[in-house]
Amino acid sequence: MATTASQTGKEENKKRVEIFDTEENLAIDLAKYTADLSDKFCKERGAFTVVVSGGSLIKSLRKLVEVDSIDWSRWHFFWVDERVVPKHHEDSNYKLAYDNFLSKVPIPPGNVYAINDSLSAEAAADDYETCLKHLVKTNVLRVSDSTGFPKFDLMLLGMGPDGHVASLFPGHGLCSESKKWVTSITDSPKPPSERITFTFPVINSSAHVALVVCGSGKAEPVQMALNKTGSVPAGFVSAEEELVWFLDKPASSKL
Ligand SMILES: O=C(O)[C@H](O)[C@@H](O)[C@H](O)[C@H](O)COP(=O)(O)O
């Protein structure tokens, strides 16, 4: 059973906070939320552009693979951030998503946009941005009328215990990148140190963002982000249509 915390203010009107008794219930609701959006966008535009982070989020997608009604052939699948390691490496977000999700659903392999793992971090970021620009030209990816940045249909993001999202870490200069779509980091405080990441203008131009956070170890950054008691990258996340925080009870315990 979820409880919804109401928010006030203009930007806040686009924000919902859902709190679940258990991670299992969160995973069930996240599957329904994603399936409903998939249905809506597949009907409206014949495509559904979905972005995922790495981390524990991927495990919380396990109920999604069981939804029969999803038209997987219309899905286009991206990563908000990726570690610059070979695709079969244990640290690879591609491998994490492949093993736990992609290998279980029939998304066409050509619609799965992994990074080029033979390049340096900087070159891989440029290459991924070039790929996104091509997908804008071919109308797979929309562009936000208000920001000019790509507008993904849904971003599914986790948050680290320090409040980071994607590979945008507290106090790091990349949090204020305002021009690039995709950038690289070679001094990530969370290993491995070399990564590529979408920038905030891209994340915040998404139609829908789901921030999925579980566990008491994240209660403090959740509080900082939602009650504005501190400044953490997760608190900078917004969406053009709707931002939904999916929290389990322990993660919401300081709200
Ligand atoms: O590649 C990464 O490291 C991630 O994309 C990162 O942003 C992750 O989502 C958070 O660190 C949360 O990870 P956990 O849920 O495992 O704490």
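Helices here are DSSP runs of H or I at least four residues long, numbered from the N terminus. With that in hand, here are the close-ups of this predicted model.

**View 1. Helix 2 and the glycine that follows.** Helix 2 covers residues 23–45. Just after helix 2 comes Gly-46, whose phi is positive, at about 70°.

**View 2. Buried side of the story in helix 2.** Look along the helix for its buried residues, among them Leu-26, Leu-30, Leu-37 and Phe-41.

**View 3. Strand 10, covered on both faces.** In a regular strand the side chains alternate between the two faces of the sheet. Strand 10 spans residues 195–198, with Arg-195 and Thr-197 on one side and Ile-196 and Phe-198 on the other; all four of these are buried.

**View 4. The neighbours of strand 10.** Strand 5 (residues 81–83) runs antiparallel to strand 10 and is joined to it by three bridges. Here you will find Arg-83 opposite Arg-195. Strand 9 (residues 182–185) is also antiparallel to strand 10, with four bridges between them, and Val-182 stands opposite Phe-198.

View 5. An unreviewed UniProt entry places the feature "domain: Glucosamine/galactosamine-6-phosphate isomerase" at residues 22–245. Over residues 22–245 the chain is 27% helix and 17% strand. The end C-alpha atoms of this stretch are 15 Å apart.

Terms used
Residues numbered from 1 in each chain as written. Predicted model: local features only at pLDDT ≥ 70, side-chain atom pairs only at ≥ 80, totals over all residues. Heavy atoms only, no water. Buried < 20%, exposed > 50% of the residue type's maximum accessible area, 1.4 Å probe, protein only. Helix = DSSP H or I, 4+ residues; strand = E, 2+ residues; numbered from the N terminus. Pairing = 2+ DSSP bridges. UniProt positions renumbered as here; feature names shortened; annotations may be inferred. Expected span 1.5 Å × (residues − 1).
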